[in-house]
Amino acid sequence: MHTENSLFELLKHKYKEPEWVLVSQVSNATGANRKRTLDGVAMAVWPSRGMKIIGFEIKVSRSDWARELNNPAKADIFFKHLDEFWVVAPKDIVELHTLPQKWGLLEATDKRLKVTRKASLLKTSQDKMSRGFVASLLTSLLSRVDTDRHRVHNKLTSEITEQVGKRYQRDIEALK
């Protein structure tokens with residue numbers, strides 16, 4: 001059974017660094033201008049990958065999907081910033097006939113995402129992103145970096161503490 005986290009992990013596998021930057025929980029803007037949040041945004045940062053910006057909404061149940069369909073403004077607010085928009089869901093959550101025309105569908109198997117329907121181009125790559133969206137994207141990215149930095153710091157602290165403890169034990173044993 002897939003969760004939002006497990007589906008995002010599959011997105012990380014499909015949109016890998018260094019050619020892609022994938023960020024979770026990206027809002028349309030920051031501060032009081034923030035109205036909606038996408039589950040993920042990936043940007044191809046190499047020209048050979050087309051420099052595309054792709055938005056993702058993750059759906060883990062039929063009721064979650066029904067809420068998305070009943071509120072199309074949630075996705076529409078992002079379309080001016082994106083080249084493609086995809087729904088990511090386990091198999092049999094999204095019925096193709098309910099998927100809006102330009103939206104793509106990535107369905108999860110146990111270990112990968114399969115393109116069930118390709119997304120259509122939403123805009124030209126020359127269109128400008130709003131400063132609010134760029135600020136939100138950067139804020140989400142910085143949050144990820146801070147989390148990664150904290151995780152690395154904790155791991156190093158743990159390893160150093162373990163090494164100091166072992167050395168302390170050896171010194172105690174040597175004194176006996």
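**First stop: H2**

Select H2 and display its surroundings: leaving aside neighbours within four places in sequence, H2 is in contact with L7, L10, V60, P90, A108, T109 and D110, where contact means heavy atoms within 4.5 Å. The model is predicted, so local features need pLDDT of at least 70 and side-chain atom pairs count only at pLDDT 80 or more, while totals for chains, interfaces and linings use all residues. Residues are numbered from 1 along each chain as its sequence is written, and side-chain values use heavy atoms, with hydrogens and water left out.

H2 lies in the segment before helix 1. Helices (H or I, at least four residues) and strands (E, at least two) are DSSP runs, numbered from the N terminus. Is H2 buried or exposed? H2 counts as buried because its relative accessibility is 17%; buried means under 20% relative accessible area, exposed over 50%, and partly exposed in between (1.4 Å probe, protein chains only).

Now show the side chain of S6, which a polar contact of 3.1 Å joins to the side chain of H2. A polar contact is a pair of N or O atoms within 3.5 Å; within protein, one must be able to donate a hydrogen and the other to accept it, and residues adjacent in sequence count only if both atoms are side-chain atoms. Next, show the backbone of T109: its oxygen lies 2.8 Å from a polar atom of the H2 side chain.

**Second stop: the whole chain**

Return to a cartoon of the protein chain, which has 4 helices and 6 strands. Followed along the sequence, these elements give the pattern α-β-β-β-α-α-β-β-β-α. Of the 176 residues in the protein chain, 35% are buried. Among contacts with a separation of 6 or more, 58% are between residues 24 or more positions apart.

Select the strands. In what order do the 6 strands form the open sheet? The order is 1-2-3-4-5-6, with mixed pairing; two strands pair if DSSP finds at least two bridges between them. Strand 1 (20-27) and strand 6 (113-117) stand at the edges with a single partner strand each, so one side of each is left without a neighbour in the sheet. From one strand to the next, the twist averages 30 degrees. Axes are lines fitted to C-alpha atoms, for helices over the stretch in contact, and angles run from 0 to 180 degrees between N-to-C directions.

Strand 4 and strand 5 pair in the parallel sense over 5 bridges, and A89 stands opposite E107 in strand 5. Strand 5 and strand 6 run antiparallel and are joined by 4 bridges; L106 has V115 in strand 6 as its bridge partner. These two strands form a hairpin with 4 residues between them.

Select L82, F85, V87, V94 and W103, which touch the most other members of the largest nonpolar core, a group of 19 residues. A nonpolar core is a set of buried Ala, Val, Leu, Ile, Met, Phe, Trp, Tyr and Cys residues joined through side-chain atoms within 4.5 Å. Strand 1, strand 2 and strand 4 each give two or more residues to this core, and the largest share, 3 residues, comes from strand 4. A second, separate core has 18 residues, including A44, W86, L113 and A119.

**Last stop: backbone details**

Most residues other than glycine have a negative phi, and most peptide bonds are trans. With this in mind, select E17 and P18: the peptide bond from E17 to P18 is cis, with omega near 10 degrees. P18 is found in the loop between helix 1 and strand 1.

Move to Q25 in strand 1. Q25 is not a glycine, yet has a positive phi of about 50 degrees; its relative accessible area of 40% makes Q25 partly exposed.

Finish at D92, in the loop between strand 4 (84-90) and strand 5 (104-108). Phi of D92 is also positive, near 75 degrees, in a residue other than glycine. Leaving aside neighbours within four places in sequence, D92 is in contact with R62 and E107. The C-alpha atoms of D92 and S61 are separated by 9.2 Å, and these residues are 31 residues apart along the chain.
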